Every structure is written in structure tokens, then in C-alpha cells.
Amino acid sequence: MAVQMFTHIHEPAARVRALCDYGSKVDVDKAISPKLYLRSGREMIRMANIYLDEGNLESAFILYSKYITLFIEKLPRHPDYKSAPHTELAELKRKLKHVFPLAEEIKSKLKTRYTAQERERQAAERKRQEALEQEAQLRREEEERVQQEQAAIKALKAKEADDKWRREQEERYRELQSRAQQDQDRQQPRVAAATVLVFDPELDAQFGLNDISSPGLPPTAPPSAVLPAPPSYDQITGPSSVPGIPDRELKKLAISDNEPTNPPSVDRSTKPSVMTFDHFTSIGGGGGAGGLREITVPTDLMKKFIDIAQSNTDKKTETLGILFGTLAQDQFHVTHLFIPQQRGTPDSCDMENEIDLIDYQDKYNLINLGWIHTHPTQTAFLSSVDLHSHYPYQIMLPEAIAIVCSPKYNETGIFRLTNDRGIAEIGGCSQPGFHYHTKEPPLFESSPHVKILEDKEVTVADMRKK
């Protein structure tokens, strides 16, 4: 999978500048011979060419940029630079003449690609904003509809409360009116009995009483004037007559206490990715553990190596092999086992005639992925000598591994120096031979980025038979 770096930078020119800045981050260890850096430079070009062929322009540009920085700016400052083989320095200059224009061409393509990606991003962002606005509009309309429904419910409840109160007041008034009528009806017969007069027309004419009203008697009122007509609803306003209507605002508060509240929105925007590993041969973050690119190892590698080393194991002598492989889709694959001419002891092994290794590697266009050796009498671990032997491999390629086979104890370990403690302590140690190193925190670990494959085979080249 192609690496996508600095995606948080949207401006194409700024993104290219960030890529160039990252490509210039190269450090040189003065304890490592310039010859090893020159050899690693060839592998950098191989890896960059593979990335370019796969269309992974970013990774190719990073490695080409680091190659230029390493051999134009950093390595010439190495104290032993002038002692490097002149033939290799001449070859380096020829490659630089090719790498410079190639890096510029890739840089131009990346800027064009970033410009197109930015246009696509902006178009996608506009669509996203439009979709968000539509969603927001739908939410606003829904909220408005809910508010209208709730307002209607409130108004209906308020009207029902008012109607109920009115009915109660009217019922109360009718009861009061009925009681008043009953009281008046009970009093009226007594008044009528006390004021009844018997009229005799002859007596009236005799005494001239036809035109004389009886004194002390009140005039009788018509039946309809016993009680006044019931007042209308609007006329009932006096505080002494009926209770007042409750405050409408209190009703609103009472109703609104049960209203549901909308939960707060949560921003779940993602953070930008970060690079987890950096090295002059790395491309800014592999897909494996710890930011390392994965290495696949065939299972028959260890079996074949143990069989090859059996004669030395019988003599309690270590055997050494070099792991070569290829790079494809940002993943390393161990494909070749190179057995150099060597000189071994029960606890060490040194390679001889190194030119055979260089010729073999260049012939098959391979990448050095580490080494393998036996412990004829011990378990599988990295001794102090092994730690120093592996240091240059891992400095040249952070994914490089050290495989240790212990036929006696039927153990196999695949190790690497720890990034924090191992690299620092071994890099700062100049003691030769076997010597003490701290064990806590550990200086080496099992390689987390290795994948064992059952269906692959390794090609063996044994230079001892020359």
C-alpha cells in the first residue's frame, strides 16, 4: 500500500516542501565505516527504484532525497570518508547525476498529484458541507414542528384549564343563586300573611277608603324582580366574589417542566496520523509493528541452514549466513541465504572474502535483510559479540533481523536491538570481544515485524564450496 504522508497539509506546494524536509533528515554514525554506508546506498537506490516501479512516488522520492542528502551533505563529513574506495566514490558520483533529475521529476509529479487531490478534497468538502447544511435544515424544521406541536398542546391544556375553571365558577354562581332564591321563598309567605287585607266595597264606599292606601305596607314587587339577572363572565371581577384566574406564565412553567431536552452534540473528528519511525532508509512509517515494514521468512530457511551447519555444529563451531531478499508493496521478503567463506569458533564466526557477498548481491539485485548463525552449545539469544555484530545491520536498515539457531536445545530466535536502550548502549560501546552489558532494560527483543511463511522456499548459495 502506498504511503500517504502529510495529508493534513492541504496546500500542494507546502506539502511538497514538508516531504523535502523529511527527506533531508539523515544522520550518520561516525563509528560505522563509510564503506557500509556506500553499500547501503546501493540498497537505497534499489528500494527507491522498486517504489517508483510500483507507482509509490512518495516513498521513492523520500529515498532518493535521503540518498542525495546522505552522500552530498552528511557522509563527506565522516572522518574516514577520504579513505573510502575511490572506485565506489566514482560510482556514487555517477549515480548522483542520475538521481538528481529523477528526484526533481518525481517532485513535479507529486505537486501535480497533490493539486488534483486538493481539488478533489475541496469538492468533497463542499459536498460534505452541503449535506451537513441539509441535515441541519431538516433538524431545524423538525425542531420547529415539534415546538409548534408542543405549543399547540400547551394552548390546548391552557384552554381546557380555563374552560374547567369557568364551568366551576358558573356552577358555583348557580348554586349561590339557587340558595338565595330558596331563602327568599321561605321569607315571602310570612310577609304576605302579615299584610293581607280584606276589602269590602260597601265599607270602602262608606268610609271613603277606595282612594286611600294602607299605611305601613310596602309596595309589592313583580316576581321577576326578586333577584337580579346573573352577571356575565366578564363582569365577575371583584376579589371578594370569586377567586381570580391563575397567572398564565405559571401555567407555562408548570407545563414546560416535563419537556424533553436535546442531548449535547459530540465532536468525533479524527486526529491526524503521526509517523512512528524514522531512519535514513525508512519512508516515514511502515505498516508493521513499531512502524517497521514487515519481513516474511520462509520456514525452510532455518531447516536448510541447520542442515548446512551440521558439520560445524558437530565440531561445536558456529556457522554464519547472510539474509538477502526483495521489497514488494512495502514489505520485505527473505528469498536468498548466502553462506560466505568464514572462520568460526565455538562462540564466534567471522566472514572472509567479502567481495563475494557484494558481487552476489549486485548480481541478483538483492537487499541485505540481516544475518543468521548457530549457537552449537548454547541457547538462542544474542551475546555481547552478537549485539555488536548486529548493530551495523540495524543501523543500515531498521528492519534487519538476527536469527539464532540452537540445535542442541532445539531453539530458534529472531531478534533485533531495542530502539531505545539497545541501539544507544551498543552504539556507544567500543569494547571488543565478550564483555558485560546491562540486562535490564533489555538490549534486544524478539522481532515483532516478522511473519513466518509455510509455502515459500529460500535459495541457498554456499561460497565455501568454491
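Which residue forms a salt bridge with Arg 343? The partner is Glu 352, and the closest N and O atoms of the two are 2.6 Å apart. A salt bridge here is a side-chain nitrogen of Lys or Arg within 4 Å of a carboxyl oxygen of Asp or Glu. Before we go further, please keep in mind that this is a predicted model, in which local features need pLDDT of at least 70 and side-chain atom pairs count only at pLDDT 80 or more, while totals for chains, interfaces and linings use all residues. Residues are numbered from 1 along each chain as its sequence is written, and side-chain values use heavy atoms, leaving out hydrogens and water.

Let us start with the chain as a whole. The protein chain has 11 helices and 11 strands; these are DSSP runs numbered from the N terminus, with helices (H or I) of at least four residues and strands (E) of at least two. Of its 466 residues, 36% count as buried, where buried means under 20% relative accessible area, exposed over 50%, and partly exposed in between (1.4 Å probe, protein chains only). The chain exposes about 28,200 Å², and carbon and sulfur atoms supply 54% of that area; accessible areas come from the Shrake-Rupley method with a 1.4 Å probe, and for residues only the protein chains shown count as cover. Contacts (heavy atoms within 4.5 Å) tell us about the fold too: among those in the protein chain with a separation of 6 or more, 76% are between residues 24 or more positions apart.

Now back to the charged pairs. Side chains of opposite charge can pair when their charged atoms come close.

Another pair sits within a helix. Glu 149 forms a salt bridge with Arg 145, with the closest N and O atoms 2.4 Å apart. Both residues lie in helix H4 (residues 86-194), 4 residues apart, or about one turn of the helix. Glu 149 is partly exposed at 41% relative accessibility, and Arg 145 is partly exposed at 35%.

What about a pair that bridges distant parts of the chain? Glu 445 forms a salt bridge with Arg 416, the closest N and O atoms being 3.4 Å apart. This pair links distant parts of the chain, with Glu 445 in strand S9 (residues 444-446) and Arg 416 in strand S8 (residues 411-417), 29 residues apart. Glu 445 is partly exposed at 31% relative accessibility, whereas Arg 416 is buried at 1%. Elsewhere, salt bridges that share partners join Lys 35, Arg 39 and Glu 354 into one network.

Two further residues are worth a visit. Gly 433 is in the loop between helix H11 (421-427) and S9, and counts as partly exposed because its relative accessible area is 43%. Not counting residues up to four places away in sequence, Gly 433 touches Ser 384 and Val 385. Gly 433 and Ser 384 are 49 residues apart in sequence, yet their C-alpha atoms are 7.7 Å apart in space.

Our last stop is Thr 296, in strand S1 (residues 295-298). Thr 296 is buried, with a relative accessible area of 4%. Leaving aside residues up to four places away in sequence, Thr 296 touches Gln 331, Phe 332, His 333, Val 334, Lys 451 and Leu 453.
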